[in-house]
Amino acid sequence: MNVYGNMRTLFRGAVDDIAAERGMTAPDADFSVEPPRDARHGEVSSNAALVFASTLGMKPRDLADRLVARLEEKQEMLEISVAGPGFVNLVLERDIWRERLREILAAGISWGDSDFGAGRRVNVEYVSVNPTGPMHVGHGRGAVVGDALAALLAKAGFAVTREYYVNDAGVQVDLLARSLYHRYREAAGDAPGAMGEDFYPGDYLAETGEALLAEDGTRWLGAAEEHWLPPVRDFAIEAMMALIRDDLAALGVEHDVFASERELAASGAVERTLLELEGRGLLHVGVLEPPKGKADEDWEARPQTLFRSTAFGDDSDRAIRKSDGSWTYFATDMAYHRDKFERGFPVLIDVWGADHKGYVKRMEAAVEALSAGEARFSVLICNLVNLSEAGRPVKMSKRAGTYVTLREVVDRVGKDVVRFIMLTRGNEAPLDFDLARAVEQSRDNPVFYVQYAHARACSALRNAAEAFPGEDFSDDALGRATLDLLEGEEELALIRKLAGWPRIVEAAAEAAEPHRIAYALSDIAAAFHGLWNLGNVDDSRRFVVAGDPALSRARLALVRATALVVASGLDIMGVAPVEEMR
C-alpha cells in the first residue's frame with residue numbers, strides 16, 4: 001500500500017462528501033499529502049483545506065475542521081489536528097507503518113512500482129551526440145539523466161521508448177568526412193599537409209583513417225571530392241556511431257531506437273511538414289532582426305521563409321528555409337518531432353546540453369503547432385560538468401584533442417560511480433566532478449555512503465546466519481516476523497522513509513527529476529547508518545541480538561527492507577548494489 005496515496009484517497013473522499021452536503025461538486029485539483037518538513041507536526045500533512053476552501057465557499061480553517069471530523073472516524077488515525085492557516089496533520093497507528101515492511105519483503109526491488117503512468121507512451125530522446133567523435137563528460141551527464149529518467153518513468157507505469165537522434169546529415173558530417181579523408185591520406189603516406197582549422201582533431205580520426213585505408217586501399221587517393229565524399233562520409237558516420245555506442249555501453253546506457261536525420265529527410269518528412277504548416281497559414285516570408293547576444297546560425301539579413309512561432313509563445317518567428325533554398329536545422333527538427341508524435345507518442349521529453357537552452361522555446365512552439373496542442377513536450381537542460389582531480393582541473397585528452405572523453409572517466413572510476421555522481425544535482429545545476437573524491441570511502445562521498453548502507457545490510461544478514469545457525473532469514477521468513485517489537489523512534493523513522501518510497505517514485509516521475517532518487521537514497525542511508533551506530537554504542541540496539549532470535553528477526557526485516565529499497569533506487573539510477581565494500 002502506498003501510505004500517502006491511501007491518505008490522499010481518504011482526503012479526497014472527505015472533500016467530496018463535504019461538497020455533496022453543500023450541494024456542490026469539488027473540482028479536480030492538485031493537493032499535497034506528504035511528510036511535513038518539521039517532524040513535530042506529525043507524520044502526514046495535507047493542504048487539501050487550503051486548495052478546496054474557496055471553491056466550496058468556506059474558510060480554510062473551517063474546512064480543515066470538517067475534514068478532521070470526518071477523518072477521525074478512521075481507525076488508523078492516532079492523532080489528527082489543524083495547524084496554521086488550515087494544514088491537516090496526522091499521526092498514524094504504528095502498525096500502518098510496520099506492515100509496509102512485509103509488503104517490501106514480498107515485492108523485492110519492485111516495491112514502488114506503480115500504475116501512476118497508466119501505460120501512457122513516452123518518448124525520451126537523449127544523448128543524440130553528433131557522430132563526429134567520442135563522447136565527452138558533458139555528454140555523459142545527459143546520457144545518465146536521460147537513461148535514469150526513462151527507468152524512473154517505466155517504474156512509475158509509463159510505456160517508455162528510449163531514442164537517439166543521429167544527426168547524420170548536413171554540414172558537420174561533410175566536415176567530418178573531409179577530416180577523415182585528410183587522416184586517410186596521412187595513413188597512406190600521401191603527405192596532405194596541415195589539417196584545416198575547422199577540421200576535427202584528435203587521434204581517434206587517425207585510427208579511423210587507418211581503418212579506411214585497410215578496407216578500401218588507395219582507391220580514393222587523387223579522386224575528385226564528389227566521388228570520395230559520399231563513401232568516406234558513410235564510413236566516418238558508421239565508425240563514429242560504433243565509437244559512441246561503445247562509450248554508451250561502457251556507461252550502461254542502451255536505446256530502443258536510433259533515428260536517422262538523413263533517412264527522415266529522404267522520406268520527404270521535411271517537405272510534408274512544411275506543406276502542412278503552409279496550408280495552415282503558419283509560414284510567411286520575412287526578414288528577422290539580428291539575434292541579441294549570442295549569434296543564431298539560422299539568421300540571415302535577407303528575406304527567408306519563417307515559421308510563425310510567436311503565435312505559440314516564442315520570442316521571434318524562426319527561419320525554416322534559407323535564402324539559398326536549403327533547410328535550417330530547425331526545419332528538420334520540426335519534422336523529426338512531428339514524426340515522433342505521429343509514431344504514437346503523446347509525451348515527448350528531450351534531454352539537451354546547456355548550449356541548446358536558447359532552442360527550447362522554438363521547439364515548444366513547433367510541437368504545439370504540429371500536434372494541435374495534443375502533445376506534451378518538455379526539455380531537460382543538462383548544465384556543464386566541471387571535471388577536476390583533488391581540486392585541480394583535468395587537462396584535455398590527447399585522443400579527443402580538445403576535451404576529456406567520457407570513456408576515460410568511466411575507465412578510471414567505473415560506470416556506477418559516474419552514473420551516481422551525475423545524479424547528485426538537478427540537471428540544470430552545474431556539476432563538480434572530482435575524480436579523487438568520487439572513489440574515496442567517506443561519508444562525504446554520496447556513492448560510497450549509499451553503497452555502504454546496502455553492504456552493511458548484507459553484512460548484518462550474514463552475521464545473523466552465523467549467530468543463529470539453522471534459523472531461516474529468507475525474505476519470506478522475515479515477512480512473518482513479530483514487527484511490533486520495532487518500537488524505537490529511530491527504527492520507526494526509518495520505516496516511515498521506506499514506506500514513503502512509492503510516493504517519491506511517483507513525485508520524481510511526475511516532475512521528471514531523477515536526481516530526487518539519489519537524494520532519497522542518501523536520506524535512507526543516513527537513517528540506516530544512524531541505527532547501525534546506535535548498536536555500536538549499545539549492544540541491545542544491535543540488529544542481531546544474541547539469545548533473542550525474535551527481536552533479531554524483526555530488526556533484520558527492517559534491515560532487509562532497507563537493502564531492497566536502496567537496491568530499487570539504484571536500479572533506477574542504473575547502479576549495481578554491492579554486498580561488500582572492498
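Predicted model: local features only at pLDDT ≥ 70, side-chain atom pairs only at ≥ 80, totals over all residues.
Let me open with a contact between two helices: Val-417, Phe-420 and Ile-421 in helix 14 meet Pro-446, Val-447 and Val-450 in helix 16. The residues of this contact divide into 6 nonpolar, no polar and no charged.

How do the axes of helix 14 and helix 16 cross? Helix 14 covers residues 415-422 and helix 16 covers residues 446-467; their axes come within 9 Å and cross at roughly 110°. Because of that angle, helix 14 counts as roughly perpendicular to helix 16. The crossing of helix 14 past helix 16 is right-handed.

I turn next to a second pair of helices. Helix 19, residues 501-511, and helix 20, residues 515-537, have axes that come within 9 Å and cross at roughly 155°. The angle makes helix 19 roughly antiparallel to helix 20, since angles over 145 degrees are placed in that class. Here too the crossing is described as right-handed, with helix 19 passing helix 20.

Which residues make this contact? On the side of helix 19 they are Trp-501, Ile-504, Ala-507, Ala-508 and Ala-511, and on the side of helix 20 they are Arg-516, Ile-517, Ala-520 and Leu-521. By class, the residues of the contact of helix 19 with helix 20 divide into 8 nonpolar, no polar and 1 charged.

The residues of the contact of helix 4 with helix 18 divide into 7 nonpolar, no polar and 5 charged.

An open sheet is formed by 5 strands in the order 7-6-5-11-12, and its pairing is parallel. Which strands stand at the edges? They are strand 7, residues 257-260, and strand 12, residues 376-382. Each has a single partner strand, so one side of each is left without a neighbour in the sheet. From one strand to the next, the twist of this sheet averages 25°.

Within this sheet, strand 5, residues 121-125, pairs with strand 6, residues 159-166, in the parallel sense over 5 bridges. Val-124 stands opposite Arg-162 in strand 6.

Which helices lie across these strands? Helix 5, residues 137-155, lies across strand 5, strand 6, strand 11 and strand 12, and runs at about 160° to strand 6. Helix 11, residues 329-342, lies across strand 5, strand 6, strand 7, strand 11 and strand 12, and runs at about 155° to strand 6.

Is Asp-339 buried, exposed or partly exposed? Its relative accessible area is 25%, and Asp-339 is therefore partly exposed. Asp-339 and Ala-269 are 70 residues apart in sequence, while their C-alpha atoms are 7.7 Å apart in space.

The loop between strand 5 and helix 5 contains Val-127. Val-127 is not a glycine, yet its phi is positive, at about 75°. With a relative accessibility of 14%, Val-127 counts as buried, because the cut-off for that class is under 20%.

The other sheet I wish to show is also open, with 3 strands in the order 14-13-15 and mixed pairing. Strand 14, residues 392-393, and strand 15, residues 431-434, stand at its edges; each has a single partner strand, so one side of each has no neighbour in the sheet. How many bridges join strand 13 to strand 15? There are 4, and the two strands, of which strand 13 spans residues 385-389, run parallel. Ser-388 stands opposite Asp-434 in strand 15.

Finally, the loop between strand 13 and strand 14 contains Ala-390. The phi of Ala-390 is near 55°, a positive value in a residue other than glycine.

Terms used:
Residues numbered from 1 in each chain as written. Heavy atoms only, no water. Pairing = 2+ DSSP bridges. Nonpolar A, V, L, I, M, F, W, Y, C, P; charged D, E, K, R; others polar. Axes fitted to C-alpha atoms, helices over the stretch in contact; angles between N-to-C directions. Contact = heavy atoms within 4.5 Å. Parallel < 35°, antiparallel > 145°, perpendicular 65-115°, else oblique. Left-handed = near helix turned anticlockwise from the far one by under 90°. Buried < 20%, exposed > 50% of the residue type's maximum accessible area, 1.4 Å probe, protein only.
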